[in-house]
Amino acid sequence: MAQRPAIDVQKWALTLLNNLYEIERKLSVHGDPGNAGRNIEKIKDAMMGEGLFYEDPLGQPFKETRTDLEATISGNNTDDLVVVEVIKPIIRAGQAQFSRVVQKGIVLVQAKVEGGAE
Amino acid sequence: MSKMVNFAIDLGTTNSLIAKFEKGQVEVFKNPNGFRETLPSVVGFRNDRILVGEPARNYMINKDPKSVGSRFKRKMGTTETIKLHSAGGSKTPVELSAFVLKELKNFVHSGEVVDAVVITIPASFDTAQSNATREAGLAAGFRQVILLQEPIAASLAYANKEKSVDLRNSQWMVYDLGGGTFDVALVKITEGELTVVDHEGDNYLGGTDFDALVVERILVPEIDRRGKFTDLLKQMKSEKGKYNKLWYRLVNAAETVKIELSTNTSAEIDLGMLGLQDEDGNQVDSLLTLTRSEFEDVIKDSVDGTVEMMRTILTRNSLRPDDLAFVLMVGGGSYIPFVRKRIEELMGISVNTSIDPTNAIVVGAAYFAGTKEIQTGDDAKKAPTTGRSLKVRAVYNRNTQETEETFNAKIEGDIAGLYYRIVSEDGAFDSGLKALAGRIAEDLPLREGAFNLFQFRIVDSQNNPISTGVDSIQIAQGRYSVVGQMLPEDICLVTDDLANKDTRLRKILAKNGVLPAKPPKVTVEVAQTIVKGSDDEIRIILVEGPSEKHSSTNKPMFILRISGKQINRDLLKGTEIDLDFAMSESRDLTVSAYLNGTGQEFSQVAQVTNRHVDTPLLTSEVVQLEARIQSEADEATSNANHDVAEKLGLLLRQVRGLISECGALASDDVTDDRFKLEDKKRRVAQEVFELTSSKRLDAAKGAYTEAKQEVSSLVQENGNDREKHQLRELLALEQTFINSTNPERIETVIRDLERIRWQILMRLPDFLIGMFNHLLERRATMNDQVQAKQLLESGKRLIANEAWDDLRQVSGRLWELLPDQERESDYLRLYTGIV
């Protein structure tokens, strides 16, 4: 059975999106008095126009069948897991109707019932 | 011609790879779901699923170790079985290895059936271990398995890369520091054959140990110093510890910096995304710097330990370091400069890093596979026949609004020993291997608003596919659903068209789009400065109707006004306004406008079912319409177009009636009179539009032809390569717009042509002089006479010196001194205030 061909995405584009995501997260943690979030949205729109976008899996449920995430489990419980921290977002190539994962998200997951540590 | 084996597998303790030799080249296949060449050698059993590779390693190895098999390579050839909680009993190392080998078959994207393969084994493997590896290969469905020692494979990779190096009568060491294991072997050429003479190793030393050392010895003490913590390391390592998440986070960061430190002398870990706080709730400075020398200090003992093992081999074989030609570095750990440096220092021999440490073994093995013939005799084990056929009846929703759908199938036929697997085409889902039953049900996660494609496969115990007629699952989520509400008309934003003293429409949502919808953000500009506190305003107007028509012909549906009284400082001309739109399924339209100049955001929700008609706006529209009909009628009369003129005359009478009706309407009228009036106005406007559209179209075509001729000759004479290219691109599309019934499309192209024209003209000395002279004549009207005088004097000097670039700038500044009416002689009364 033949498989889908791999999509080659330039490394700079992935670096750009990863850092953009990181800036977005930092602004949400530390506040955004200068409204830089709007500039981020514009860059994201421009990248979307080029067929590349990221997805923030924070808060999404996690199962072992998900292959768009590289997850590390924090805590004992492995049932009902959710993404509690995102180190790198999922990057996809394509359009909204159909896209493919070109970078797996790197995340920390934790069982819902254990509550948030830290 | 005999067929060669060509395929090779590095069945590693921690990671495995597969490669193929073809036409002198080796291709290492990538994991279809992982973008990496490596597959973690881990098999997990969770409920009824079998997971191989990353999902098994990431998800379960630390959490449900009783259901996961890993490092089983070290148990090959023993009678030991691995008890697996969820697998319903025990699995032998051979069975687990077979799962890894079968999974590697999926990496072969060409879809070839792999019949024969070379599998590498460590130098330390005895006969029982080697036979067990061969058995695993046969269990995975390979008809022929050839074994090759890993140090030999690595040496072959080197020999094939450095073809000019003569290795005869020499010996060397292969140093293999992997993710979790270390091996070193002495390799020699005796009687023309590569042989492993001796070897040593540590099953529990590798790159991941280095990561943990960095966290424990460098990062944790540093964070501890920066805030108030009690027993931070314990809190991080304990499952229930307050800082348990930080442990994983730091291990991940340590791996990244380890790689970075191979090329840089220092690296930073930025934990800014976490907002790390100490026990008192104080923010902890989250930028950690790690130098290469700090890193080297913590791994020094481990690295020195590997050198000791090399010394042991030398002593045992009565060799001195200089008897070795080199040390060949293999495995991810050999990327670390300190490892190489330390070996050179302590052993006094050169290290060789010319091959890719990650895939050297599989690459070398593939070269070897390219020289081995496939056996066709009785020796080759017969592959089991997979000629059985199954009937699969699949039931699932092909269109859905849910974010998860269950795929159900009923299977008829002999299902014993078969498995199924569902993998999404976008790389986000893998069900893992599951035993096939008469009925199967699998929950498939769906991406919202997307077309979700899955591959459905049934395979036998050796991963050979069984044909069923059902091989793909296609589910359209959200937007493709037929039950979704569709938009009956385009929804357009009205903006001012300064050049034509009119308005234009910009399509926001297209007709037949399915709701809910969130179109992309639109950025517009303020057409004229709005002074803080004034009554001037901008109007975000949305109308419903064909986007190629005019705002007056379409149904008004929304208006958001932002006046000078609402803004906190002057909104300057040219300031960008970001507009966000969203329409819910029940057609609630939300419009948000963000003013970049003032930092304010205005938002309004409108129910489209409640039509909005603003009386003063309606009056001004009717007055505008009258003026327009009058001018169109005059033009038709002067062109002797009597038929059109007569019809326009009738419309003029109607519109005048509307003006008086509007005048009678109170601004806060509560009856539905204003709706009726609006309706009448729209009908009149529609008729005017239709009567004059051919005229507009002809005018646009005429203007285009004229602009094209003028710009073409200008580009030919004075254009640069870029402008020639721009013009060619525009003209290449001529057929697509010239036959359009939409004059605005043609006008857009004319504007593009004009831009090229100005670009060129602004470089030409004659034009610049002409412009300067024109400004000179208008000197008396300029706002700042002193500055004007200085600039004009300087302009004259620049002409004398032929300094054209500077002249262009001076003219630009002079232009700014002209009063507004000089710049824009017939000033447009703005309708929306945005362009």
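This is a predicted model: local features need pLDDT of at least 70, side-chain atom pairs count only at pLDDT 80 or more; totals for chains, interfaces and linings use all residues.
Residues are numbered from 1 along each chain as written, and chains are lettered from A in the order written. Local features need pLDDT of at least 70.

**Exercise 1.** Work out which strands stand at the edges of the chain A sheet.

*Solution.* Start with the order, S2-S4-S7-S3, in an open sheet with mixed pairing. Strands here are DSSP runs of at least two E residues, helices runs of at least four H or I, and two strands pair if DSSP finds at least two bridges between them. Next, S2 (61–62) and S3 (69–74) each have a single partner strand, so they are the edges, with one side of each lacking a neighbour in the sheet. Finally, look at S3(A): six bridges join it to S7 (105–111), and the two run parallel. Along that pair, A:Ile73 sits opposite A:Val109.

**Exercise 2.** Find how many residues of chains A and B are in contact.

*Solution.* Count residues whose C-beta atoms, placed from the backbone, lie within 7 Å: 40 in chain A against 44 in chain B. Then see which elements of chain A give two or more residues to that side; among them are H1 (11–30), H2 (36–49) and S3.

**Exercise 3.** Locate the buried residues of H19(B), residues 804–817.

*Solution.* Call a residue buried if 20 or more other C-beta atoms (placed from the backbone) lie within 10 Å of its own, exposed if 12 or fewer, and partly exposed in between. That picks out B:Leu807, B:Val810, B:Ser811 and B:Leu814. Their arc around the axis, taken from the directions to the C-beta atoms, is only 100°, so they share one side of H19(B). On the face turned away, B:Asp805 and B:Gly812 are exposed.

Technical notes. Two residues are in contact if their C-beta atoms, placed from the backbone, lie within 7 Å.
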